[in-house]
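Here is a short walk through a structure made of several chains. Keep the sequence and the 3D view at hand while reading.

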Amino acid sequence: MIEHALYLSVALFCLGVLGVITRRNVFVVFMAIELMLNGANLGFIAFARLHESMDGHVLALLVMAVAAAEAALALAVIILLHKHKGKLDTNVFNLLRG
Amino acid sequence: MMHHSALLLPMVILPLAGAFVLGVLRLATVRERGMAAHHFGIIAAFGPILSFLLALGLLVQINGLPGHDRVLSQSLYQWFAVGEMRVNFGLMADPLAVLMVLFVTFVGSLIHIYSIGYMKGDPNAGAFFAYLNLFLGAMLILVLGSGPLVMFVGWEGVGLCSYLLISYYNDDRANVAAGNKAFIVNRIGDLGFILGLALLFWAIGDTGFDYADLRERAPELTPLLALTVGLLLFIGATGKSAQLPLYVWLPDAMAGPTPVSALIHAATMVTAGVYMVARFSFLYMQSVPAGVIIAWVGILTALLGAIFGMFQRDIKKILAYSTISQLGYMFVGVGLAAYSAGIFHVFTHAFFKALLFLGAGSVITALHHQQDIWRMGGLKKRLPITYVTMLIGALALAGVPPLAGFFSKDEILVAALATGHPVIWLLGILVAGMTAYYTFRLIFVVFHGTPRDAHYEEVTESLRVMTIPLMILAAGAVLAGFINLPPILGGHQLLSHWLGLEAHHSPHIKLELLTILASLTVCAVGIGIAYRRFIPTAVEPVYHGFARFAEAKFHVDELYDSLFVQPLLGAGAAIRRVVEPRIVDGPVQAVVWLYRAGADAVSAVQSGYVRVYAIYMVVGVGLLSFAVYRLLVG
Amino acid sequence: MSQPLLFYALSLLAIVGAVGLLMFKHPMNAAMSFAVTLIALAGLYGLLSATLVFAIQLIVYAGAIMSLILFIIMFLNIQPDDLPDESGYWYYLAGGAAALTPLALLLLYGINSLSVTSTPEAPPGFGTIKEVGVVLFTDWLLPFEIVSILLLVALVGAVVLAGKREGGND
């Protein structure tokens, strides 16, 4: 069961990466990043169960705290971007174009 | 054995320091209303006067030395050292240099004083006096340098000041063009000079490139090498001293202020070429043909200058062609190894030609910058001091005894006959007659006859500060000849003995008598013709035929223009049109294009889209993972 | 035992939710789909004896963060015109999958090399709030404090960013 949990963790992480790559909607990109974090979290929990150690749980908690901070900031940024461009398209924001 | 003298350095430094001080003052006050011109002039006069006093000290010092060993020197510092060779920057004075220094600083002082009056009210006088002081410093370096390289520093320095001062009235484009012409023509001469120095260095210069050393090693030169070096150096002299074929810049150089014409383009700088030949006498003694060529170039230049001088109408141009002509005489002297005769003529010429120029300047300022002699006339009454002093100068130039020009000119002509060049002698006599004619043509037309100037009644004599130098120079023009009185007239050729440049030769009584008679005759004839034509009233002539051709200066300027200037300009334009864009700029532009294209290609990677950067990252992680996987599994 | 059954059902739900996140065009639908994944993951944490994390996953993730996201989506009042043009989606998917394959293979290889055969019985008290708390406040005290500062910074930053008025001199 634990190795299957790990497989699932890998699958969720890869789906998150694919979401970041394929989608142009800012919200979806943001949530895909959250998905990657969750995939990693599942890995922590599974390993904690495997090694009977609490450290994995603690790490998962810290990741959640980081995710909460990230959500607060990312959503503020999204609101600002929407205010400026009126769009949710990541391709509109290309100020780094060389 | 050289003797040390501490007077040399301050003599050179004083005018240079003056130039520096004046330059700083000028720059400091240029924004405000500026200092008055005569304040600048008074500061400027200190350098030359003090240098003259030092030169007198030098004269005393050198006379205290034994007759055969009269060399004073002051080594300043090692200029550069390459391998075994060490070139020192030093100063050196022998009797030749002392004579040059004496009259350069003396005439220079007088002209500085005269300029205080002449430049009165000129807003840029600060720059003028700074250049004038700089010129004097450079001229002293030229004369007192201990070796050819030091001389070259001064040589270029005087050229620079000449250029700056010819273009001094730079509001007028023609004056700037005249300055450029002088500078460019002098560059052509300087190329020859540099080549000559390089060849000399290659041949015998490797043990220390100064006169003392070169003099010792000069006999090592092969005749061909001596001839080549001698002629290359002489090309430099033809540029600086306005000889054929590079004389064309000197008449145009009259665009500068008249004191500049007097100091630089009559008395001092233009005689640098003669001085150079005399200084390198040890070299020219190795090659008689080189000297003969110099003499022929000199006499032809003298003839040409005299012909042109007879038909000019600009008072300063008449004097300019006269200068060219007299410089030709000097080259005859030094070319035929009669160095002391040539230098003697340099010495006397400095007095009477500076006098004539300064007098002309006095006339020009009195007539509010009128330079056409056919607009003058009858000024004798209005400008008495100028008239008398200029008359003395004219008599000296024409060669009337016992004034200065008579002795020095005759000595050169005697040398021509004594060395077996009767044609040169004959031409010299002819030129002497022409000289007498054009000189008195100038005097008669300007000072005698009826007034032709509209402002004649308002004309007044120049300021005291201008007339006193005229009087002093006039005294010099009268007396300068006596220091080298030939035996036939009861003298002992003091100057020639003192200079000690050539082996003393026994006097040629017959030749001297012949020369004196001939030159007196042509002088009288020349003045007589001038008198017949222009007294009591001079009528502006209309020239035809040869005279018209001569008035147009044989169209030499036009010839040079179409032969050299236009082809070179055309070549320059062609290079700019074809070579510059295609051959020079082409590869550069290609490289620029290459980098642009490369940058464009690379910058396409920077799309600005967040997810594209994410893709790069994922691809990178993918490749890395693949590598690790291969490492673990395979 | 119903445990394996439950495990696979929740895993399936999590995958389906994640795929839904990637497929739904409208962010609202995607967010709802993602919420399914989060809740399924909470169940999986429970099955893996992580009782505290299970609770916090539900409260913080599925509760607080998701509701914040939903709130913002609704706050911006997204119209169909605002939605980006997602053409070329499949090409990106195929390319991304190809680029990710080596990573996935490497991770799977790593998991397989652990050679886990059976799940050991969890010791008593494993994953309870007390056990986690003891570890958190002894071994992990410094990271805990740093994270608390991070949260504070995020809080201030969010206020500064989102609270900016158009005029600017508020």
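Chain C makes a contact with chain A in which 70 residues of chain C meet 61 residues of chain A. On the chain C side, the elements that give two or more residues are helix 1 (3-23), helix 2 (27-47), helix 3 (51-76), helix 4 (89-114), helix 5 (129-138) and helix 6 (141-162) of chain C. Helix 3 of chain C provides the largest share of that side, with 12 residues. Sorted by class, the side of chain C that touches chain A holds 60 nonpolar, 7 polar and 3 charged residues. These values, like the others below, are computed from a predicted model.

Chain C itself can be described next. Its secondary structure amounts to 6 helices and 0 strands, and from the N terminus on the order of elements is α-α-α-α-α-α. Chain C has 170 residues, of which 26% count as buried. Of the contacts in chain C with a separation of 6 or more, 54% are between residues 24 or more positions apart.

Two packed helices are described by the angle between their axes and the distance between the axes. For helix 1 (residues 2-22) and helix 2 (residues 26-51) of chain A, the angle is about 165° and the axes are 8 Å apart. An angle over 145 degrees counts as roughly antiparallel, and helix 1 of chain A and helix 2 of chain A are therefore roughly antiparallel to each other. The crossing of helix 1 and helix 2 of chain A is left-handed. Their contact is made up of 19 nonpolar, 6 polar and 1 charged residues.

Chain A also touches chain B. This contact takes 10 residues from chain A and 10 residues from chain B. On the chain B side, helix 24 (residues 610-633) of chain B gives the largest share, 5 residues. That side of chain B divides into 5 nonpolar, 4 polar and 1 charged residues.

Within chain B, consider helix 19 (residues 464-479). Helix 19 of chain B has 16 residues and reaches 22 Å from its first C-alpha to its last, close to the 22 Å expected at 1.5 Å a residue. Which residues of helix 19 of chain B are buried? They are Met466(B), Thr467(B), Pro469(B), Leu470(B), Leu473(B), Ala474(B), Gly476(B) and Ala477(B). The cover over these buried residues includes helix 3 (95-118), helix 15 (339-366), helix 16 (384-398) and helix 17 (404-418) of chain B.

Note on methods
Residues numbered from 1 in each chain as written. Chains lettered and ligands numbered in written order. Predicted model: local features only at pLDDT ≥ 70, side-chain atom pairs only at ≥ 80, totals over all residues. Contact = placed C-beta atoms within 7 Å. Helix = DSSP H or I, 4+ residues; strand = E, 2+ residues; numbered from the N terminus. Nonpolar A, V, L, I, M, F, W, Y, C, P; charged D, E, K, R; others polar. Buried ≥ 20, exposed ≤ 12 C-beta atoms within 10 Å, placed from the backbone. Expected span 1.5 Å × (residues − 1). Axes fitted to C-alpha atoms, helices over the stretch in contact; angles between N-to-C directions. Parallel < 35°, antiparallel > 145°, perpendicular 65-115°, else oblique. Left-handed = near helix turned anticlockwise from the far one by under 90°.
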